[in-house]
Amino acid sequence: MIKNCMVVLSLLISTSALSQPKDFSELTINQLHQGVKAGQFTFAEVTQYYLSNIQKHNPQLNAVITVNPDAYQQALSKDKHYKENGKQGILFGVPVLLKDNIDTKLMATTAGALALRNHYPSKNAPIVEMLLSEGAIILGKANLSEWANFKSSPSSSGYSHVGGQVKNPYDLTMTPCGSSSGSAVAVSSNLALVSIGTETDGSIHCPSALNGVVGFKPSIHHISQTGIIPIAHSQDTAGPITRTVTDAELTYLAISEYAHKESPSTNSLQGKRIGVIPGINQFNQAYKAEFEDTLKRLGSAGATIVNDIQFNHMDKIFPAEFDVLLYEFNHGVTAYLANTGDGVSVKSLPELIEYNKKLNDQKQELLLASLQANDEAKYKQAVAAINKYAKQQLKEIFKQHKLDAIIAPSVGSAWKIDPINGDKFTGSSSTLAAVTGSPSITIPMGLKDGMPFAVSIIGDLDQDMKVLEIAKLLEQLTQGRVAPKL
């Protein structure tokens, strides 16, 4: 059992006779494979680099909860296998960090909660098995907002009782956003090559945007949610967080159960129709000039910008979404807890609430509200409202305007971490894709006042590869990723 990632790291580095790590900052998957093929370095050297970076920087950032004690040995095995058989798998030899709500046999899956600190699942989640089958090295587990930020309101994004407060690498006093905060911060800070986050509404989107990395939320049900601690089955999905869109695409191809069904996409912005919805842009006036510059670049590259598209009824969508989340969390988390092993202190939502009370943890308003969400008729009404006002409306917008995608600023300005009063969101464009199950990707567009700014590309349902292609072309135009100075 792994009790402390720094203890594990010290043991790894002291007993492996490792040399001073080479610098692999901003390394991509293709560069990794090309470098190993050319004999410039090994998978073990790259893995050593990330382990050393975690040891050096994680005490400040709190991005990593647990390090896999077998990561370095797995990398040595990859080098041996590569010499004998070559590369086998999209992510062969790629060190990947998992959000700590994804089941792993070797490492505890805690959701950042003390109630699960000794939770060692009996088997890996299917997404983990898919990563392993594609050759990935599981580097460890990333910190997160406790219970994926579905525990209390207000809350401080990136805080968990197990992992502490995740810090933004661009400014340690500013929010990393959540709930996949550790996953985003680790990739941005070069503590991992790739990470996996999860999203219900904004949990990949926001931390990716505010930590200067790419975050991809696939269409709903494109990636298995089995073995991932749930919030709401109708919106939950895992997805990659990377430093480039190409790496996000490769990781998606490795973990998706749907990608092979999609038709090939084009490699040009010429003729692409990109929609702009003023109603989901107004929150982000701080980046108005930067967003307009992005639209001009898209237009200059041949895209047609379709302005002033109306998306209505958000006043009906937001409360309906909340009702859905409360009801589905109640049933989903209880089902998950009921199937955990002997090391888990709680087996149901009521037991979890009582456990927290005994710890004098009063911040569990969402857990309490979810416990009362048993009205099936009210839940069905909420689902019907989402179908009518969100899913059908978005589908009609794509059809009416013949859109290939929608573009929007990702989130408003970052705010100071406030453990007492919680987050101070000024707005996000994540809900549109979240409630409709559509794919969306967040792409860094540079810095303003020292903090990252990002835009998001939202696609029609099941058009994930098209969204990735458009994002890749936009990334080439802007080259907006700026690494933090740790």
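Two strands are taken as paired if DSSP finds at least two bridges between them. On that basis, this predicted model contains an open sheet of 11 strands, arranged in the order 1-3-2-6-8-7-12-13-11-9-10 and with mixed pairing.

Strands of a sheet pair through backbone hydrogen bonds, in either a parallel or an antiparallel manner. The parallel manner is found between strand 2 (residues 95–99) and strand 3 (residues 137–142), which are joined by five bridges; here Pro95 has Ile137 in strand 3 as its bridge partner.

Strand 7 (residues 214–217) is paired with strand 8 (residues 237–242) in an antiparallel manner through two bridges, and with strand 12, also antiparallel, through three bridges. Towards strand 8, the bridge partner of Val214 is Thr242, whereas in strand 12 it is Ile441 that stands opposite Phe216. The side chains of strand 7 are divided between two directions, with Val214 and Phe216 pointing one way and Gly215 and Lys217 the other way, and all of these residues are buried.

## Helix 10 against helix 13

The axes of helix 10 (residues 314–338) and helix 13 (residues 376–400) come within 8 Å and cross at roughly 135°. An angle over 145 degrees would count as roughly antiparallel, and one of 65 to 115 as roughly perpendicular; helix 10 and helix 13 are therefore oblique to each other. The crossing in which helix 10 passes helix 13 is left-handed.

On the helix 10 side, the contact is made by Lys316, Ile317, Ala320, Glu321, Asp323, Val324, Tyr327 and Glu328, and these residues meet Glu376, Lys378, Tyr379, Ala382, Val383, Ala385, Ile386, Tyr389 and Ala390 in helix 13. Sorted by class, the contact of helix 10 with helix 13 comprises 11 nonpolar and six charged residues, with no polar ones.

Terms used:
Residues are numbered from 1 along each chain as its sequence is written. This is a predicted model: local features need pLDDT of at least 70, side-chain atom pairs count only at pLDDT 80 or more; totals for chains, interfaces and linings use all residues. Side-chain values use heavy atoms; hydrogens and water are left out. Axes are lines fitted to C-alpha atoms, for helices over the stretch in contact, and angles run from 0 to 180 degrees between N-to-C directions. Helices (H or I, at least four residues) and strands (E, at least two) are DSSP runs, numbered from the N terminus. Angles under 35 degrees count as roughly parallel, over 145 as roughly antiparallel, 65 to 115 as roughly perpendicular and the rest as oblique. A crossing is left-handed if the near helix is turned anticlockwise from the far one by less than a right angle, and right-handed if clockwise. Contact means heavy atoms within 4.5 Å. Ala, Val, Leu, Ile, Met, Phe, Trp, Tyr, Cys and Pro count as nonpolar, Asp, Glu, Lys and Arg as charged, and the others, Gly among them, as polar. Buried means under 20% relative accessible area, exposed over 50%, partly exposed in between (1.4 Å probe, protein chains only).
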